[in-house]
Amino acid sequence: MTGNHKDKTISRRRALAVTGGTVAAGGLVAAGFQSAFADTADTTTDADATASATASSTSSECMTLMTSVTEGPYYLDGALVRKDITEGKAGVPLTLRLTVVDATDGCTPVKGAAVEIWHCDAWGYYSGYTTANPGGSAPAESEEGDSANDLTYLRGYQVANANGVVKFETIFPGWYTPRTCHIHVKVHTGGEKEDGTYEGGKVNYTGQLFFADDIAEEIFTLDPYSQHTGSYTVLANDMVYDGGGAASGLLTLKAVHKKDPSKGYKGSLTLGVDPDAESTGAGSGGGGTPPSGAPSDAPTGTPPSDSASPSASASS
């Protein structure tokens, strides 16, 4: 499968760098990863570790504002507040730990921030778009035979604790033409949990999380990913990832078992945001025409013409 994943036909379009001071983007990420997979409960140990990381990351080492990019055409309102978003979807386990900090105030944790993520399954299908063609050759999403809800799988919110930390249990995403492997993310503040989801407030940041090519391509040789064949887009050819490393959404990944990638990965990243800002979801980066075949009872995947809409974008 790895040999089939080289895509030389897609031109890279780099996303624009965000405004703000130029600072060392990796400092806080590295510090935060040392305690990345402790429970997100507000224990004394976790609080002390976070306080130490924050104190050492102010001034010259504070995380720069994260690059805001398009939300893509596959966003759906009403995602559930939950830690485990898999709903039985098959794939390599991925524990994702994200820390939200205020990059305009010394990287202090943003308590109560609601982090929302969504991504495709192992064959490249999104919930809400289960008949959309992911490109290449893949079984129909219905052939997986899982019990997942076709409108909600691999989507969810978590609300940050006092240390700005959220944790998700999911699977390693697959891929679809013309994009590299990625996870979409939004950071909300000012709203509240209601009826199992998150309502109100505003979106402070819209971005995407990315995976190193060597790890992604190794995962894609495994079942069920290997059942999707075709041209995989590497990071250097992606239309959204701008090569900026952690500040551009590149995850720090650690294998659960070094000799057996099927056992899963732990991924972490610190998101430096401006809690006073508002993101429309129409950030930079383009992804071409979305795959065809969205069902009639779900959004079509074609971005609205109204640029003020939160879903207005040109990228998948």
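Modeller: Two strands pair if DSSP finds at least two bridges between them. Strands (E, at least two residues) and helices (H or I, at least four) are DSSP runs, numbered from the N terminus. This is a predicted model: local features need pLDDT of at least 70, side-chain atom pairs count only at pLDDT 80 or more, and totals for chains, interfaces and linings use all residues. Residues are numbered from 1 along each chain as its sequence is written, and side-chain values use heavy atoms, with hydrogens and water left out.

Biologist: In which sense do β1 and strand β5 pair?

Modeller: Seven bridges link β1 with β5 (residues 165-171). One of the partners is E169 in β5, bridged to T95. The sense of the β1 and β5 pairing is antiparallel.

Biologist: How many bridges join β1 to strand β9?

Modeller: β9 spans residues 265-273 and runs parallel to β1. L96 has its bridge partner in β9, G267. The bridges joining β1 to β9 number nine.

Biologist: Which residue in the hairpin of β1 and β2 takes a positive phi?

Modeller: Two bridges join β1 to β2 (residues 108-109), and these strands run antiparallel. V101 bridges to P109 in β2. Five residues lie between the strands, and the one with phi near 65° is G106.

Biologist: How many disulfides does a search of the whole structure find?

Modeller: A disulfide is a pair of cysteine sulfur atoms within 2.5 Å. The nearest cysteine sulfur to that of C120 belongs to C181, 6.8 Å away. The number of disulfides found is zero.

Biologist: Is C181 buried or exposed?

Modeller: Buried means under 20% relative accessible area, exposed over 50%, partly exposed in between (1.4 Å probe, protein chains only). C181 has 0% relative accessibility, so C181 counts as buried.
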